[in-house]
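Hi everyone, thanks for coming. Please have a look at the sequence and the structure as they come up, and then I'll walk you through a few spots.

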Amino acid sequence: MKVSERRAIPRRTLFLTALGLGSAPMGGLYSPTSHAEAQAATEAAWAQGIRYFDTAPYYGYTRSERRLGALLCDRERDSYVISTKAGRLMVPDDGVSNEENGWFRPLPFRPTYDYTYDAILKSFEDSQQRLGVIKIDILYIHDIGRYTHGDRHGHYWHQLTAGGGFRALLELRRSGRVTAIGLGVNEAEVVHDAMQEADLDVVMLAGRYTLLEQMSLPLLEKCVRAGTGIVIAGPFNSGILVGNNKFDYEDAPPDVVQRVQALKAVCDDFDVPLPAAALHFPMAHPAVVSCVTGARNAQQLQTNVAWFESAIPAELWTALRKLGLVDEAAPLPGEGD
């Protein structure tokens, strides 16, 4: 695979590069990132042919959108695809500390959940300002679902449905201010529900279809039938597949650690880096149009590209399936070529 390969969102005239750059790190996720590091990562991504860039108001409490907009503003607008998200309004607050919710040195804007009609439109307009663009290619509803909201899910789901959040999305697409609409979430169940409410073009699914976890296979099959594209986010499951022992943003439980060790043992037998296998695996599913990874600096970006473009023997995938380490129904790279 080449990172610059283009795949189409099935029902829209919109092509994403196979690898996209996620900009949570430039917002200061887990550790501070300087503007120079963010610039170097973005320029390295561009030099490698990456033309899909993802961000969100929440990342760094608006820092990521501001940085990404500044870093792309001198590029021809039709030469890249940009996605951002809505669902939180960023409210000025001088009480924001130097470390909050995993963000280091966030800007003084407090995230406030709001999925109503007016809030989705305001979030979109605020993102236009921060990114410095009129048209946003993809707008995702961010972090709706029980994974994020727990007992408050029903309240926020009502905002999105009866409160007009989905209606705002559809109007933005109809007017041409966005090309494609969807969800950016960490769970499959809420995507099933959302597909009953709105005609989604694309879903960014974080951590739920990876080398480590394939419980979302029924959702991906549903997306193939509906013509809804899948963008894979969190392909390393918060980092445990690159060795940081984090799973779903927390310390990994023993059963997950054991499974990762088993995956790594097979990869070692074939002299394949585990992160390379993690990037290759989800791309084999026909629903998947892109995979988004973060990079804090140019070196991390170049490492991700090297993993993505490496050659992996077909025997590795056969061995993983034979050992029950990937779902029997999951498409494997190279099958059907």
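This is a predicted model: local features need pLDDT of at least 70, side-chain atom pairs count only at pLDDT 80 or more; totals for chains, interfaces and linings use all residues.

Residues are numbered from 1 along each chain as its sequence is written, and side-chain values use heavy atoms, with hydrogens and water left out.

So, salt bridges. Side chains of opposite charge can pair when their charged atoms come close. Here a salt bridge means a side-chain nitrogen of Lys or Arg within 4 Å of a carboxyl oxygen of Asp or Glu. How many salt bridges does the structure hold? There are 18.

Take Arg7 and Glu5: their closest N and O atoms are 3.1 Å apart. Are these two buried or exposed? Buried means under 20% relative accessible area, exposed means over 50%, and partly exposed is in between (1.4 Å probe, protein chains only). Arg7 has 18%, so Arg7 is buried. Glu5 has 30%, so Glu5 counts as partly exposed.

Now find Asp199 and Arg11, which meet in a salt bridge at 2.6 Å, N to O. Asp199 is in the loop between helix H7 (189-195) and strand S12 (202-206), and Arg11 is in the loop between strands S1 (6-8) and S2 (15-17), so this pair ties together parts that are 188 residues apart in sequence. Helices (H or I, at least four residues) and strands (E, at least two) are DSSP runs, numbered from the N terminus. Asp199 and Arg11 also belong to a network of salt bridges with Arg12, Arg173 and Asp201.

On to the helices. H1 (35-47) and H2 (63-72) pack with their axes 10 Å apart, at an angle of about 50 degrees. Axes are lines fitted to C-alpha atoms, for helices over the stretch in contact, and angles run from 0 to 180 degrees between N-to-C directions. That makes H1 oblique to H2; angles under 35 degrees count as roughly parallel, over 145 as roughly antiparallel, 65 to 115 as roughly perpendicular, and the rest as oblique.

Last stop: the loop between strand S3 (19-22) and H1, where you'll find Tyr30. With 39% relative accessibility, Tyr30 counts as partly exposed.
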